[in-house]
Amino acid sequence: MNALLSRSAGHGRAAPPVRLVHLGLGNFFRAHQCWYTDHAPDAADWGYAAFSGRGGGGLPTRLTAQDGLYTLVTRGAAGDTFEVVNSLARAHDADDHQAWLTYFGSPRLSVVTLTVTEAGYLRGPDGGLDAGRPEVQADLAALRADLSAVVRTAPARLVAGLVARRSAGAGPVALVPCDNVPGNGAIVDRVVRDMAHLLDPALTDWLDDSLTVVTTAVDRITPRPTPDESGRVRQATGFDDDCPVVTEPFREWVLSGRFPAGRPGWQDAGATFTDDVTPYERRKLWLLNGAHSLLAYAGSIRGHTSVSQAVGDATCRQWLEQWWQAASRQLDQREADLAAYRHALLDRFANPRMHHQLAQIGADGSQKLPIRILPVLRAERAAGRMPTGATLVLAAWICCLRGLGAPVSDVHAQSVVPLADGPLRDAARRVLHDLDPALGEDAEVVATVWQQCQELAGGATT
Ligand SMILES: NC(=O)c1ccc[n+]([C@@H]2O[C@H](COP(=O)([O-])OP(=O)(O)OC[C@H]3O[C@@H](n4cnc5c(N)ncnc54)[C@H](O)[C@@H]3O)[C@@H](O)[C@H]2O)c1
Ligand SMILES: O=P(O)(O)OC[C@@H](O)[C@@H](O)[C@H](O)[C@H](O)CO
């Protein structure tokens, strides 16, 4: 029988002291922020305590049985490499709120990173915290009754932790959101301040003095692992690992902001520190994530299930080029650099050994398309052009909402699915209007999307 991967069985290194907290313990965090921390020259001084964003799904329990260790499988087109990541010192379920408050109350805590998905920030139409949502109201009521009450939303958990930190006089801390949303620093700053203000306006002064929020652009394709990964790890390493993570060789982390209580030497592990992440962020969100959304909807309508399958389809490749041409026109970067970036992306997408499911990428289109596609579509329309590569993504999403291709999994499914129902032209106009009223009123865009929906539906193989 093989030994379970664990520090007590002699694997990995000693657990580093907890000076970092993460909210949103999932695959990407373990392939990215944990990996960078483990590869920093001062890795022995920086340990993570990580919490599930919601519930736990058993991952914290499995990681705890392994003393926080797990195998990162880096999957290149030619083969795999296996490494044990050491920087996760403690793993917690979302409900372990007392532990959360205790870490925040410790002066040793310096940085809090986050991956809670686009939907986890609970923003309303004005970009601030959607205070009308029942879960936000419930958390506010709980905190008003008891500042240490268990709360569930990310903004409330952050505010509860910051209140505990203020009470303990534990000093300043940096928040580092690592989700695929543009201006993620400003977003988290806003929703945390909105929640704090609703709870107690007097918190604002403390936040001004003691909280910094860092903006980041992050990149490393990390699909949900399939159940057979543990077997591969066992075969390659000789130990049992109940929760390996699979990722690609490429990685990028660009950060902008201050760390008043220090941070690991992430720059020596390859992270870039800059005054402005916007050029990196736009290039990545539009060329990579926008292309992912295109393949997720249009590729699944053509019967594909993974990114590598879809990108091997000449029709999808043609759509991809159309999208990339439109998006690249809106990026203020040298054409040669953009061409090299797109070329590298094609290799990353085509990696036949990565099984990145289109259904996973297609989740929460209502949150992703406004970020990934609409800025390009609006800019192209303002320049008098019809970017068919952009409208096609919207047409394909509408077709998926109507039952073709990838199944709908969307935080706003209850409102967007009915909009896409009924006669196609009206449905297209309603969905576009919901994304942005100006789009629903742009007759040429509506006509183009309608036409593309008809073509996609006619060509469906599923
Ligand atoms: N997987 C990737 O390739 C990748 C790459 C770059 C960035 N990201 C970012 O990381 C995020 C997480 O990706 P992952 O692959 O780790 O997913 P995952 O499913 O493995 O983990 C998601 C984590 O987020 C939490 N979560 C989900 N919805 C939430 C909500 N509404 N509120 C609070 N917490 C919530 C979950 O509980 C879980 O802890 C993505 O949404 C994306 O913004 C992912
Ligand atoms: O993680 P999501 O759900 O926001 O988006 C799905 C993919 O587009 C995304 O995870 C990419 O793989 C990632 O952004 C690559 O760095």
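The structure is a predicted model, in which local features need pLDDT of at least 70 and side-chain atom pairs count only at pLDDT 80 or more, while totals for chains, interfaces and linings use all residues. Residues are numbered from 1 along each chain as its sequence is written, and chains are lettered from A and ligands numbered from 1 in the order in which they are written.

Helices (H or I, at least four residues) and strands (E, at least two) are DSSP runs, numbered from the N terminus.

Ligand 2 has Asn180, Asp219, Arg220, Ile221, Leu288, Asn289, His292 and Ile361 around it. Three of the shell residues come from helix H10, which gives the most. The shell divides into three nonpolar, three polar and two charged residues.

Spanning residues 278-301, H10 lies across strands E9 and E11, at about 40 degrees to E9. Axes are lines fitted to C-alpha atoms, for helices over the stretch in contact, and angles run from 0 to 180 degrees between N-to-C directions. The open sheet has three strands in the order E9-E11-E12, with mixed pairing. Its edge strands, E9 (215-219) and E12 (272-273), each pair on one side only. Two strands pair if DSSP finds at least two bridges between them. Strand E11 (residues 252-256) runs parallel to E12 and is joined to E12 by two bridges; Leu255 has Phe273 of E12 as its bridge partner.

Strand E7 (residues 173-177) is mostly covered, with five of its five residues buried. A residue is buried if 20 or more other C-beta atoms lie within 10 Å of its own, exposed if 12 or fewer, and partly exposed in between, with C-beta atoms placed from the backbone. On one side of E7 lie Val173, Leu175 and Pro177, and on the other Ala174 and Val176, all buried. Four bridges link E7 to the parallel strand E6 (residues 111-114), with Leu114 partnered by Pro177. Three bridges link E7 to the parallel strand E8 (residues 211-213), where Val173 is partnered by Leu211.

Turning to helix packing, the axes of H12 (residues 314-329) and H17 (residues 388-401) come within 7 Å and cross at roughly 120 degrees. The two helices are therefore oblique to each other; angles under 35 degrees count as roughly parallel, over 145 as roughly antiparallel, 65 to 115 as roughly perpendicular and the rest as oblique. Trp319, Gln322, Trp323, Gln325 and Ala326 of H12 make the contact with Thr388, Gly389, Ala390, Leu392 and Val393 of H17. Two residues are in contact if their C-beta atoms, placed from the backbone, lie within 7 Å. The contact residues comprise six nonpolar, four polar and no charged.

How values were computed:
Ala, Val, Leu, Ile, Met, Phe, Trp, Tyr, Cys and Pro count as nonpolar, Asp, Glu, Lys and Arg as charged, and the others, Gly among them, as polar. A residue is near a molecule or strand if its C-beta atom, placed from the backbone, lies within 6 Å of it.
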